[in-house]
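Biologist: I would like to learn how to read the features of a model like this one. Could we take them one at a time, starting with helix packing?

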Amino acid sequence: MIKFGPSGSSNSFFDEGYKTTVEMPKWLAGRGLDIFEYSFGQGVRLSSETATQMGETFKAENIEISVHAPYFISFGSDNEEIVLKSTEYIIQSLKKLRCFGGQRCVFHPGSEGKQPRKDAMLKIMNAIEHTVEIKNQMGYQDMLICAETMGKHAQIGTVDEILEICKIDESIYPCMDFGHINSREGGSLKTSDDFKRIIDKMLDSIGEEKTKNMHVHFSKIQYGPKGELKHLTFADTEYGPEFEPLARVLFDYKLTPHILSESNGTQAEDAKFMKNYYWSLK
Ligand SMILES: [Zn+2]
C-alpha cells in the first residue's frame with residue numbers, strides 16, 4: 001500500500017510538548033500517518049538498546065520506520081579511507097535499522113569532486129557493489145539500500161545515474177527525491193506528463209517491482225544556478241514541485257511508494273496533505 005509520513009520531527013510535534021522519538025509513533029498514528037524516517041545524517045550515535053526500544057513503540061502503532069544514512073558518505077572519493085568509511089556508515093545504519101525493525105536505508109552516493117563525472121560514477125558503482133557484498137556477509141540481505149536523486153549539480157544523483165546504481169543489485173532501490181530533481185533541472189517538474197516521463201523511464205530501466213515500491217522524498221525546494229538551495233514548505237508557490245500532478249500519476253499507475261515529506265518544519269502536516277489529496281482522487 002502507498003504510505004505517507006514525515007522525515008524527522010515537525011515543529012508541531014515539539015510545539016505540542018513532545019520531546020523524544022519514542023513518543024512519535026503514537027503521535028503519528030493519531031494523525032493518520034503511516035511511516036517515519038529517522039536521520040543518521042550527522043552520524044550514527046544511537047545505542048542499539050535505545051533503537052530496540054524505539055522499534056518496539058513503532059511496531060506497537062504499526063508505523064514503519066526507515067533511516068537516512070550519514071551525509072558524509074562519499075563513494076566517489078579518491079581517498080580510499082573515505083570510501084571504506086562510507087561502507088561502514090551504511091553498515092552502521094543497517095545495524096540500527098534492524099533494531100528499529102525497518103527495511104529501508106536511504107543514502108547519498110557521492111560527488112564528482114575534481115575528476116571527470118564518468119570516473120566518479122565508475123568509482124561509486126564499484127564501491128556500492130563492494131558495500132552490497134559486505135552487507136550480505138553481515139546478514140543484511142533482506143534490507144534495501146535506497147540511492148537518492150540529488151539536488152546539486154556537483155553531486156552524483158541524476159535520475160539516470162540513480163537508475164544505473166539500482167541495477168547493481170536487487171536490494172538497491174531508488175529514493176526519488178522529486179524536489180531535488182526539480183532543483184537540479186531548474187524547475188522541470190510541472191505537469192503530470194513531466195512526472196510520467198520519469199516513471200516511464202524507471203519502468204523501462206529497473207522494472208515494475210522497484211518502480212512500484214520506490215522510496216520517495218517530496219518537498220518544495222528553492223534552487224539557483226547550481227541546483228538545490230533550501231527546503232521550503234507547501235506554502236511556497238514559487239519553486240515547487242507541486243504534489244498534485246505526481247499524485248495523479250501514482251494513482252493512475254497504481255504505484256505503492258513510501259512517501260516522506262522533507263518540508264522545512266511542516267513535514268507531518270505536508271505528509272497528511274499528500275495522503276488526503278491522494279485518497280481524494282478517483
Ligand atoms: Zn537525503
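Modeller: Two packed helices are described by the angle between their axes and the distance between the axes. In this predicted model, helix 6 (residues 159–166) and helix 8 (residues 192–212) pack at about 10°, and their axes are 11 Å apart. Angles under 35 degrees count as roughly parallel, so helix 6 and helix 8 are roughly parallel to each other.

Biologist: Which residues of helix 6 and helix 8 make the contact?

Modeller: Helix 6 contributes Val-159, Leu-163 and Cys-166. From helix 8 come Ile-198, Lys-201, Met-202, Ser-205, Ile-206 and Lys-210.

Biologist: At what angle do the axes of helix 3 and helix 4 cross?

Modeller: The axes of helix 3 (residues 48–60) and helix 4 (residues 80–100) cross at roughly 40° and come within 7 Å. That angle makes helix 3 oblique to helix 4. On the helix 3 side the contact is made by Ser-48, Ala-51, Thr-52, Met-54, Gly-55 and Phe-58, and on the helix 4 side by Lys-96, Cys-99 and Phe-100.

Biologist: Now the whole chain. How many helices and strands are there?

Modeller: The secondary structure comes to ten helices and twelve strands. For overall shape, the radius of gyration is set against the value for a compact globule. With 282 residues, such a globule would have a radius near 19 Å, and the 18 Å of the chain agrees with this. Along the principal axes, the C-alpha atoms fill a box of roughly 45 × 45 × 35 Å.

Biologist: What share of the contacts joins residues at least 24 apart in sequence?

Modeller: Counting contacts between residues at least 6 apart, 81% join residues at least 24 apart.

Biologist: How many bridges join strand 9 to strand 12?

Modeller: Four bridges join strand 9 (residues 215–218) to strand 12 (residues 258–261), and the two run parallel. Val-216 stands opposite Ile-259 in strand 12.

Biologist: In which sense do strand 10 and strand 11 pair, parallel or antiparallel?

Modeller: Strand 10 (residues 221–224) and strand 11 (residues 227–231) pair in the antiparallel sense over four bridges. The two are joined by a hairpin through two residues. Within this pair, Tyr-223 stands opposite Glu-228 in strand 11.

Biologist: Next, the core. What share of the chain is buried?

Modeller: Burial is read from the number of C-beta atoms around a residue. Buried residues make up 48% of the 282 in the chain. The largest nonpolar core has 71 residues; those touching the most other members are Ala-69, Cys-105, Phe-107, Ile-145, Cys-146, Ala-147 and Cys-166. Setting aside neighbours within four places in sequence, Ala-69 is in contact with Phe-40, Tyr-89, Ile-90, Ser-93, Cys-105, Val-106 and Phe-107.

Biologist: Is Met-143 buried or exposed?

Modeller: Met-143 has 20 other C-beta atoms within 10 Å, so Met-143 is buried. This residue sits in the loop between helix 5 (117–137) and strand 6 (144–148). Beyond its neighbours within four places, Met-143 is in contact with Leu-94, Leu-97, Gln-103, Cys-105 and Ser-171. Met-143 and Ser-171 are 28 residues apart in sequence, yet their C-alpha atoms are 6.8 Å apart.

Biologist: Last, the backbone. What is phi of Asn-62?

Modeller: Phi of Asn-62 is near 60°, a positive value in a residue other than glycine. Asn-62 lies in the loop between helix 3 and strand 3 (64–68), and with 10 other C-beta atoms within 10 Å it is exposed. Lys-254, also not a glycine, has a positive phi of about 55°. Lys-254 is in the loop between helix 9 and strand 12 and is exposed, with 8 other C-beta atoms within 10 Å.

Biologist: Where is the place of Pro-241?

Modeller: Pro-241 is in the loop between strand 11 and helix 9 (243–252). The peptide bond from Gly-240 to Pro-241 is cis, with omega near 0°.

How values were computed: Residues are numbered from 1 along each chain as its sequence is written. This is a predicted model: local features need pLDDT of at least 70, side-chain atom pairs count only at pLDDT 80 or more; totals for chains, interfaces and linings use all residues. The radius of gyration is taken over C-alpha atoms; the globule rule is 2.2 Å times the number of residues to the power 0.38. A residue is buried if 20 or more other C-beta atoms lie within 10 Å of its own, exposed if 12 or fewer, and partly exposed in between; C-beta atoms are placed from the backbone. Two residues are in contact if their C-beta atoms, placed from the backbone, lie within 7 Å. A nonpolar core is a set of buried Ala, Val, Leu, Ile, Met, Phe, Trp, Tyr and Cys residues joined through C-beta atoms within 7 Å. Two strands pair if DSSP finds at least two bridges between them. Axes are lines fitted to C-alpha atoms, for helices over the stretch in contact, and angles run from 0 to 180 degrees between N-to-C directions. Angles under 35 degrees count as roughly parallel, over 145 as roughly antiparallel, 65 to 115 as roughly perpendicular and the rest as oblique.
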